[in-house]
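Subject: Structure for you to look at

Hello,

Here is the structure I said I would pass on. Please open it first, then read the notes below on its salt bridges.

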Amino acid sequence: MCGRFYIPMDDGPEALAALLKEADQRSGSPLPRGEISPGMQVPVMCMSRAGHPRVFPMRWGYPIADRLLINARSETASSRTIFQESYRARRCLIPAVSWFEWDHRVRPMTRYRIHPGAYPWFYLAGLYRLTEDGSQCAILTREAVKGLRDLHTRMPVTFAPGDERAWLSPEAEPDSLAGRDPGAMVWQPVPGQAEQVAIWEV
């Protein structure tokens with residue numbers, strides 16, 4: 001599951017900073033940095049009509065009635081009506097340096113920052129759609145890897161920098177997303193507590 005993620009305040013590594021700058025320029029003003037919550041504008045990489053990766057600002061979450069749909073199960077997204085077209089033709093990647101999960105086994109709940117240990121930043125795999133109210137994205141999730149399952153049974157699908165076309169290219173095969181190896185994961189408790197957001201996933 002993914003209900004909060006983090007984009008560095010100082011833009012982080014050079015390659016990440018370039019992506020964030022591109023999204024800011026298309027937005028016309030700086031996008032949010034730091035802890036990112038559902039409903040915020042986020043930098044999203046997708047393929048242009050010319051077949052090149054480009055970064056655009058999009059709102060995180062599909063408004064559905066009185067809720068915000070922010071996650072999609074990678075195992076079933078291709079068969080769900082709301083995601084079918086996006087899964088086939090509108091794939092995206094969202095840059096981040098970590099995401100957050102809450103440990104419900106203790107009171108008060110402990111919040112953990114989680115990230116792949118092999119690189120300083122990564123992509124969250126997602127889907128997007130175009131509406132009259134602007135572009136909207138959702139993050140794909142999969143079964144959590146061993147170790148993280150004690151915190152939550154779900155985790156986002158991740159891709160390493162340089163591996164963008166493995167998900168964005170139209171010819172890419174998405175069938176293995178649910179079992180994609182994210183490598184060694186690092187997680188540590190975050191000092192202080194934050195209110196948990198309502199997360200919807202279908």
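Arg149 has a relative accessibility of 43%, so this residue counts as partly exposed. The model is predicted, and every value here is computed from it. Arg149 is joined by a salt bridge to Glu143, with 3.9 Å between the closest N and O atoms. The cut-off for a salt bridge is 4 Å, so a pair at 3.9 Å is still counted. Glu143 is also partly exposed, at 44% relative accessibility.

How many salt bridges are there by this rule? The count is eight.

Another of them links the side chains of Arg90 and Glu85, at 3.0 Å from N to O. Arg90 has a relative accessibility of 22% and counts as partly exposed; buried would require under 20%. Glu85 is partly exposed as well, with a relative accessible area of 44%.

Then there is the pair Arg4 and Glu35, whose side chains form a salt bridge at 2.5 Å, N to O.

Regards

Conventions. Residues are numbered from 1 along each chain as its sequence is written. This is a predicted model: local features need pLDDT of at least 70, side-chain atom pairs count only at pLDDT 80 or more; totals for chains, interfaces and linings use all residues. Side-chain values use heavy atoms; hydrogens and water are left out. Buried means under 20% relative accessible area, exposed over 50%, partly exposed in between (1.4 Å probe, protein chains only).
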